[in-house]
Amino acid sequence: MNLSRMAVITLILGLLFPTSAYAEQPLHLEAKESYHQFPFFDTPTPVWSYDDQIPGPLIRGRVGTTMVIDFANRLKEPSSIHWHGLRIENAMDGVPGVTQEPVGPGKNFTYRLKLEDAGTFWYHPHFNSSEQLERGLKGVFIVEEAAKPPWSQDWVWLMDDWLLQKDGTIYSQFNTGRDLMHDGRWGNVPTINARFRPEFQVKPGERIRLRLINGANARIFSPHIEGLAASVIAVDGRPVTEIFPLERFVLSPGNRIDLDVRIPPQAGGSIFAVEDRFTRNAFPLATIKVAPSTPIDTPEVTPPTAADFIPAQMFAEVKVGKTWDLDAIRGGRFGIGWTMNRKLWPDADKAAYRLGEPQKVTFKNSSSRLHPMHIHGVFFRVLERNGKKAAEPFTRDTVLVGPRESVTIGFVPEHPGIWLTHCHIQEHAEAGMMTTIDVKHN
Ligand code: C2O
Ligand code: CU
């Protein structure tokens, strides 16, 4: 059969079976050098992008479907794409040297993602990550619920910060001693969707789903919306078991929250400030501007819920199987290494578990720095902080372990394979703070 006949048949099949065409929606992401215009400079800033977009294209899939994404690496160095938070087949997890070969310059790799969970996720490289993410390679991946809840708007805010020089270029020294002795590389220009202090328009009476993603290398955000009622309805891509108000929620690199934000019907003409309150010096992130119009009817929304699939009781009889001590040493590639049990990646102290057996892990921070610890391919529950019971009404895939703090988590390995576990401060991870959890069939 010649090619054009085949194309015609594929087209007809596509028309007859539109749902299967949707499920197999092929997508192409190309990593390449590009430019991004920040407002303060005359010339655009050289960046690395997916498809010339900063941030990368917003991917929307639907729960229960399979998405095929063809990745083309047009950078001058190897790369890969990791789908942060998605529970997918191990071979599609995008970790060079662990789940796949690095994708070399000029090479392609096809990712097939079976979307198990609806929620807010994101994607980024997992090679030379402290540089590749910082130069702009990252994007948001939304998995829609089977039936889309009727919020009046669905906003996606990818929070980031950039370390820009006076000439508008990205500061090109990575993994510096300064970064490594502290909490990684913190930028001087905070952005939302790569825009500096953007303004968002709403009508009075709206009810908005606001998805916040911390895509920064190292900066921690604690977003606050002055004057508006906002509730946390999902954390790290999973609905909470109990909705709670947004108050000093700590969003470390990798973390996401979904908020339910209500614009009061009488708020026409108001301006609400969104600011970061993590550090002592609060700074503005964005503004929400309400049109001076007549209010719309506020939509009735029941935020999606999920079963409490790993209740804390499940771990009552389980002993801590692994304690990872987090600390710095002299040595490694950059002179300062960040270790897990005194070991630097790839010479790591690994864990091995059997499928389906509940596990407890303790991250014990012996340093005075911050370590947002992330495990690929699972949702976990925080059980204890410093030996005291924690009662978070949600699961996570990334938890901030503060200075000298010890955090115990519980999870059930449900997907076989080798899953990376690391600090999501990119500079700490590059300097050695990574290991793996090997999940085997019984
Ligand atoms: Cu965003 Cu290895 O992770
Ligand atoms: Cu760290």
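Colleague: How do strand 19 and strand 20 pair, and over how many bridges?
Modeller: This is a predicted model, and in it strand 19 (residues 320–330) and strand 20 pair in the antiparallel sense, over five bridges. Within that pairing, D327 stands opposite T339 in strand 20.

Colleague: And what do strand 19 and strand 20 form, with how many residues between them?
Modeller: A hairpin, with five residues between the two strands. One residue to look at in the turn is G331, which has a positive phi of about 125 degrees.

Colleague: Nice. Is strand 20 mostly covered or exposed?
Modeller: Mostly covered: strand 20 spans residues 336–340, and five of its five residues are buried.

Colleague: Which residues are on which side?
Modeller: I336, W338 and M340 are on one side of strand 20, with G337 and T339 on the other. Both faces are covered, as these residues are all buried. In a regular strand, side chains alternate between the two faces of the sheet.

Colleague: Let's hop to strand 12. Why is strand 12 largely enclosed?
Modeller: Strand 12 (residues 207–214) has eight of its eight residues buried, so the rest of the structure largely encloses it. On one side you find R207, R209, R211 and I213, and on the other I208, L210, L212 and N214, all of them buried.

Colleague: Which strands pair with strand 12?
Modeller: Strand 9 (residues 153–162) pairs with strand 12 in the parallel sense over seven bridges. Strand 16 (residues 256–262) pairs with strand 12 in the antiparallel sense, over seven bridges.

Colleague: What stands opposite R209?
Modeller: D154 stands opposite R209, and in strand 16 the bridge partner of R209 is D260.

Colleague: What does L212 touch, leaving out residues up to four places away in sequence?
Modeller: L212 touches W157, M159, P223, L251, R256, I257 and L259. L212 is also among the residues with the most contacts inside the largest nonpolar core.

Colleague: How many residues does that largest nonpolar core have?
Modeller: It has 102 residues, and W83, L113, F141, M159, L259 and M433 are also among those with the most contacts inside it. The largest share of this core comes from strand 14 (residues 229–235), which gives five residues. In soluble globular proteins, nonpolar side chains tend to be buried together.

Colleague: You mentioned W83. What stands opposite W83 in strand 7?
Modeller: Y123 does. Strand 5 and strand 7 (residues 119–124) pair in the antiparallel sense over three bridges. These two strands belong to an open sheet of four strands, in the order 3-8-7-5, with mixed pairing.

Colleague: Why is one side of strand 3 and of strand 5 left without a neighbour in the sheet?
Modeller: Strand 3 (59–62) and strand 5 (82–84) stand at the edges and each has a single partner strand, so one side of each has no neighbour in the sheet. From one strand to the next, the twist averages 30 degrees.

Colleague: New topic: why does N73 count as buried?
Modeller: Because N73 has 24 C-beta neighbours inside 10 Å. N73 is in strand 4 (residues 66–73). Leaving aside neighbours within four places in sequence, N73 is in contact with A31, S79, V103, G104, P105, G106 and K107. N73 and P105 are 32 residues apart along the chain, with their C-alpha atoms separated by 5.5 Å.

Colleague: Last one: where does pLDDT stay under 50?
Modeller: Over residues 1–24, for which the model has seven contacts beyond four places in sequence. Where pLDDT is low, the predicted coordinates should not be read in detail. The protein averages a pLDDT of 94, and 94% of the residues score at least 70.

Note on methods
Residues are numbered from 1 along each chain as its sequence is written. Chains are lettered from A and ligands numbered from 1 in the order in which they are written. This is a predicted model: local features need pLDDT of at least 70, side-chain atom pairs count only at pLDDT 80 or more; totals for chains, interfaces and linings use all residues. Two strands pair if DSSP finds at least two bridges between them. Axes are lines fitted to C-alpha atoms, for helices over the stretch in contact, and angles run from 0 to 180 degrees between N-to-C directions. pLDDT is the predictor's confidence in each residue, from 0 to 100. Two residues are in contact if their C-beta atoms, placed from the backbone, lie within 7 Å. A residue is buried if 20 or more other C-beta atoms lie within 10 Å of its own, exposed if 12 or fewer, and partly exposed in between; C-beta atoms are placed from the backbone. A nonpolar core is a set of buried Ala, Val, Leu, Ile, Met, Phe, Trp, Tyr and Cys residues joined through C-beta atoms within 7 Å.
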